[in-house]
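Thanks for making the time this morning.

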Amino acid sequence: MEQTWKTQMCNKHICIYCIGDYGLETYFKLREHGIKIDYFADRDPEKWGYALEGVYCRSYEELLYEDKENCMLIVAIKNPETLIEKFRYAGFQQVYDKETAIKILVDEPIPKVIEPLRDIQQIKQMKEKI
């Protein structure tokens, strides 16, 4: 079975920043593929504490206290570039827009490591085929 990047993410907390339409779309897409979201975060105080299927929404300030090395942060807004830059500046190492995060967690297989040919016979056979 081919391993995916999501297997490497199993020890990371996954947070979706912004629990609006884009955030919910991202949540359901990832859930469909068996990816567990640990929590949401948002600046809107009306959304703090909100639970969707047991996944709670934290404040922006709480998010800043997260273990930045062990958190994958998905910025789920229409134009995420500025926020992604701010979160990276704040120390988050893995910050992505929703499309990139979905690609990493769902679509991208881990590249297979190809061992270099060391056997002279194999090298000769390969050369003949070429």
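What you see is a predicted model, so local features are taken only at pLDDT of at least 70 and side-chain atom pairs only at pLDDT 80 or more, while totals for chains, interfaces and linings use all residues. Residues are numbered from 1 along each chain as its sequence is written, and side-chain values use heavy atoms, with hydrogens and water left out.

Let me start with the sheet. It is an open sheet of six strands in the order E3-E4-E2-E1-E5-E6, with mixed pairing. The names follow DSSP runs numbered from the N terminus, where helices are H or I runs of at least four residues and strands are E runs of at least two; two strands are said to pair if DSSP finds at least two bridges between them. At the edges are strand E3, residues 51-52, and E6, each of which pairs on one side only.

Which strand is largely enclosed by the rest of the structure? That is E1, because four of its five residues are buried, where buried means under 20% relative accessible area, exposed means over 50% and partly exposed lies in between, with a 1.4 Å probe and protein chains only.

E2 in turn is joined to E4 by three bridges, again running parallel, with Phe40 opposite Cys57 in E4. The chain gets from E5 to E6 by way of H4, in a right-handed β-α-β crossover, right-handed meaning that, with the strands pointing away from the viewer, the path from the first strand over the helix to the second runs clockwise. A right-handed β-α-β unit is also made by E1, helix H2, which covers residues 21-32, and E2.

Now to the aromatic rings. In general, a pair of aromatic rings is described by the distance of the centres and the angle of the planes. Rings of Phe, Tyr and Trp, the last by its six-membered ring, count as a pair if their centres lie within 6.5 Å, and the planes are called stacked under 30 degrees apart, edge-to-face over 60 and tilted for the rest. How many such pairs does a search of the whole structure find? It finds six. One of them is Tyr17 with Phe87, edge-to-face at 5.1 Å centre to centre and with 70 degrees between the planes. This pair links distant parts of the chain, since Tyr17 is in strand E1, residues 13-17, and Phe87 is in helix H4, residues 81-89, 70 residues apart. Both Tyr17 and Phe87 are buried, and ring pairs link Tyr17, Tyr60, Phe87 and Phe92 into a cluster.

Arg43 lies over the face of Tyr60, at 3.7 Å from the ring centre, and Arg58 lies over the face of Tyr39, at 3.8 Å from the ring centre.

Finally, a few single residues. Ser59 lies in strand E4, residues 55-59, and counts as buried because its relative accessibility is 8%. Leaving aside residues up to four places away in sequence, Ser59 touches Ala41, Asp42 and Trp48, with contact meaning heavy atoms within 4.5 Å. Cys18 lies in the loop between E1 and H2 and has a phi near 95 degrees, a positive value in a residue other than glycine; at 13% relative accessibility, Cys18 counts as buried. Glu53, placed in the loop between E3 and E4, likewise has a positive phi, near 55 degrees.

Technical notes:
Lys NZ or Arg CZ within 6 Å of the ring centre and 35° of its normal.
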